[in-house]
Structure formats: C-alpha cells, structure tokens
Amino acid sequence: MNPVAVVTDSVANLPAEVTEKYGIPIVPLRIVWDGEVFRDGVDITPQEFYVRLREDKRMPTTSTIAPEELLQVLRPLAEEGKSIVAIFLAHELSATVDVAQKVQLLAPTLPLHVVDSRTAAMAEGFVVLEAARAAADGATVEQVVARAQEMIPRVHILGVVETLEYLRRGGRIGTAAAFLGSMLQMKPIVGIPPGHGSVIGVARPRTWKNAIEQMLDLMAEEVGERPVHVAVGHGDQEEEAHAMAEALRQRFDVQELYITYFTPVMGVHTGPVLSVSFYADEKE
C-alpha cells in the first residue's frame, strides 16, 4: 500500500485511466445553474454542459466545496494510515486551497499537506500526476510534496477561446482584461505561465487556425528539441482537439499525450476552448 495519497480537484482534468491507475481521489467542485447545484463531472458531463451552455441564456456560476465536504474525502484516507498531499488549482482562480487550509485548522491531527499548483487544467494535472507517480514509487510524503513543487515552475498552459466574455463574467480574466475592447474579429490566446496563478493575454490572432499555429510556435519556443509531455484540452472542440494532437505528434518528441475535456467548472469560465498543457523533460 502506498503510504501517501495524492488528492486533487476536478479542474485538473485528469483522464479516468490515470486517476484509476494511481488511485487519485478527485474532489468535484460545483456548478450552480438556475438554482440547481451540480457536482463537476458527476451530476453533469462535459458533453451535456457544453450543449446547454450554447443553448441556455442563463449563465451558470461556480463554487468550491465546504471544509466539511472536503473532510469527508480526506478522513477515510487518513484512517487507512495514509499521509495526504492535496494539490489544487491556483488560489487566484478558486478558493479550494483556502478551504483545504481551513480543514487543516479544523482537523489539526489530519496528516494533510496542501499544495497550490499555481495553475489549472492539465497543467495542474501534470503536477498531480508526477506527485502520484512518486507516491507509487514509495516516496515519503515530504518527497511527494517536493516533487509537486519541482513541477510547478515547469508546466505551461495555452488556450484559444472563442470569446473572452466568459472569463470576464467569471472574474478570472487577470491581465487578459487588456484584450477586451479590441477583440473584434480576433481569436484570443490566453495562458497561465508557470507558477503565475492568473490568466494572462498572450496573443491576438485573427483566425482559429492562426491561433492554433501560434500556440504550437509558442510551445516550440519553450521546449526546443526536448521530449515533451502534453495534453490537449477542449470544450466542445473534439475534432479540433484530435487534429491538434496529431500536429503535436508530428512536430514534437512526445513522450505522453492525453486528450481531455475541459470540465464543466472550467467551461463556465472559458466557454468553448482549445488548449495545450505541457512540460519538457529537463536537460541532461
């Protein structure tokens, strides 16, 4: 039995085969839509969400979970004798880290270590995955936390959105707000630089195709010739996601590649989106 359990939130977008292989519990965040509360990815699937998002004039909102709810996830792990490393999305984007820190105060004997990933989506997911791999290899809780911290300055995420309106409404736009007012006939590229925690504006290409090409160029500038680990995330852009995955395989030395839906909680703030999360192997 692994002595360390790695826990994350639904925004990490980890594929089911990964969470099952490494036994990663997922804490579902919440969507509130017309007075009804949905657990992210549990009570509403990404496919259902994006169809409704396009058709429903009422905008959903998001919320995190209460400390008591998080405790219900964590206590059974502690009762199994495990130390817990909880890796959550950036505190600038969600109060989930704050909730976990409140849990530490409510249950001071709980063997809980909280890590702010400083990012989101599969950039966060890669931090979680590497921590879980370390735990599976028998690392101590201190080593697992250290592995997560080592990954945070390395993971990138870039995405092209149909509109910045969703980010604006949700208050998650960060410095990308400077793009507003000049986005007519544009397909904005936004991103979260490693360790930054907030969404920034990156570029303003005029077409979706140019945006994808530019994201790949930006990725190439970061990774060079090094082997890469990459995930294509999308919200209602499945065909484009598979096309991007093929372009990545042709252009880069891809060590692992995932295609994942942006979960509904993320979709509330991004709308339809196509993203690439990645990190490169370190130079020898």
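This is a predicted model: local features need pLDDT of at least 70, side-chain atom pairs count only at pLDDT 80 or more; totals for chains, interfaces and linings use all residues.
Residues are numbered from 1 along each chain as its sequence is written, and side-chain values use heavy atoms, without hydrogens and water.

## Aromatic pairs

Five aromatic pairs are counted. Rings of Phe, Tyr and Trp (its six-membered ring) pair if their centres lie within 6.5 Å; planes under 30 degrees apart are stacked, over 60 edge-to-face, the rest tilted. Y50 and Y261 are stacked, at 6.3 Å centre to centre and 25° between the planes. Y50 lies in helix α2 and Y261 in strand β12 (residues 254-261), so this pair ties together parts 211 residues apart in sequence. Helices (H or I, at least four residues) and strands (E, at least two) are DSSP runs, numbered from the N terminus.

Y50 is buried, at 2% relative accessibility. The ring centres of F126 and Y258 are 6.4 Å apart and the planes at 50°, so that pair is tilted. Ring pairs also link W33, F49, Y50 and Y261 into a cluster.

## Around D40

D40 sits in the loop between β4 (36-39) and α2 (46-55). The D40 side chain makes a polar contact with the side chain of S10, at 2.6 Å. Such a contact is a pair of N or O atoms within 3.5 Å; within protein, one must be able to donate a hydrogen and the other to accept it, and residues adjacent in sequence count only if both atoms are side-chain atoms.

Definitions and conventions. Buried means under 20% relative accessible area, exposed over 50%, partly exposed in between (1.4 Å probe, protein chains only).
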